[in-house]
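Keep the sequence and the structure in view while reading.

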Amino acid sequence: MRHYFHGGIHPSDGTDKRLSNQKPIRVYTPQVVEVSMKQSPGGFCDAVVNVGDKVAKGDLIGKPVSFSGANIHAGISGTVTEIRIDQDAYGREVKTVVIQADGTGNEKKDSVCEYEEKIIDLSGYAREDIIANMKEGGIIGLGGAGFPAHIKYETKEKIKYILVNAAECEPYLTCDHMLVMEHGYAVINGVLLLVKASGADKAIICFEDNKKDAAGHLQDIISNTELPVEIKILPTKYPLGGERQLVEAVLHMEVPAGKLPASIGVIINNVGTAKAVADMVIGGNPLTSRVVTVTGKVREPGNYLVPIGTRFTELINLSGGFTAENCRVIEGGPMTGHCLQIGGTHEELMGSVAKTTSAIVVLEDTSKVETPCIRCGECERVCPAGLAPFKIDFAAIEDDIDLCRRLYATECISCGCCSYVCPAKRELAYRITEAKTEILRHKA
Ligand code: SF4
Ligand code: SF4
């Protein structure tokens, strides 16, 4: 086999994914949504509604005030009952818009559109209009980072390939897998729009070989066509879904350190983002909902299509509640997600679904004690970014941010491979990610 990508691990045998991918996606509309005006790590918005305003599903409720922000729209029709000020993990103030449903337009199922059932003729869609629509619809990367999608397409670089990330390499997560299985035509139409928006030669939709059914489904849709789309099945290895790892594995190219994939003619988008582009550009629906995997130690693991702002506690309720005594609740996957709560009940769980919330994973909390590094070198062997995690960790503990920088901590993709393999149970990924954030903050 040709060179795949450096490092990486095999954290699961697939049984964790089977918890949630055996049943169809359930659609759920809550009576109340709490929509944060920060939908991604750097994506700050300000509310453009006031308490007492009536809003319809799809109405604009937030406008960006930072470079990484994107429009936010109401996920349900109702009345704005509260605009409260919350704090994010760094103590920064963020507004949350609370909408109470009024029973108009929330119960009826959106009718199935043509683009959900067949390949659409896109010859009438101009590049500029597609990009403008992506911006208007508040579409951000749904794979995790949440960067506004349209900015990637405003590049001046010549783009050759769109890589559509359907790898979903994190354990437990199945929301992308199920989305492809149930919305294959919308995904392909979205991918074709991305090809048009970029002027790329073709798109390559990338799956791990534990999702051959989803890959086969899309292959069936494009078979006997001349569409500029290729389906690629790759060996399962974490973190294939990392942008640099995907480029390395699929195109056998390297994204230079400190540069974006566009610098070598590549744009990468998550498969959910492609569907969201079709929903907006063809269907006229801004990004107001997403599929969330709720899994792990819950009674009924599954995938839910819910409005942005659906409270986490409600999602756990839908899934039948916790099944372990002492639970750790993670937003996102167990490797890269962030911990929402340790211990307590699901009624105490704070927060709500953001555009970047791929999953709520509930794990049994087991005590973990860090011991001194034994210099086994395992963390270095598995690091996909080619770093020496134990060295950066020592520098981070010493608060030597300049040494962290010289050891290339900014190249860390926070994949968690180093922490996963460390026999001394050292919190490497956490401390290195903190150091990286600090370096970038100094730089800014
Ligand atoms: S140092 Fe960063 S990129 Fe390398 S394994 Fe650890 S978390 Fe992943
Ligand atoms: S894996 Fe853990 S014990 Fe081994 S070198 Fe890295 S930090 Fe040290």
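Ligand 2 has 15 residues around it, and Cys-373, Cys-376, Cys-379, Phe-390 and Cys-422 are the closest. A residue counts as near a molecule if its C-beta atom, placed from the backbone, lies within 6 Å of it. Helix H10 (378-382) and helix H11 (389-397) are the elements that give two or more residues to this shell. Helices (H or I, at least four residues) and strands (E, at least two) are DSSP runs, numbered from the N terminus.

The model is predicted: local features need pLDDT of at least 70, side-chain atom pairs count only at pLDDT 80 or more, and totals for chains, interfaces and linings use all residues. Residues are numbered from 1 along each chain as its sequence is written, while chains are lettered from A and ligands numbered from 1 in the order in which they are written.

The table lists the shells by class.

The chain divides into domain 1 (30-106), domain 2 (111-281) and domain 3 (378-443). These bounds come from an automatic or database domain assignment. The centres of domain 1 and domain 2, taken over C-alpha atoms, are 27 Å apart. Nine residues from domain 1 and eight residues from domain 2 make the contact. Two residues are in contact if their C-beta atoms, placed from the backbone, lie within 7 Å.

An open, antiparallel sheet has three strands in the order S3-S5-S6. Strands pair if DSSP finds at least two bridges between them. Strand S3 (45-47) and strand S6 (72-73) are the edges. Three bridges join S3 to strand S5 (residues 60-64). Cys-45 stands opposite Pro-64 in S5.

Which residues does Ile-205 contact, leaving aside its neighbours within four places in sequence? They are Val-164, Ala-166, Val-191, Leu-218, Val-229, Ile-231, Lys-232 and Val-271.
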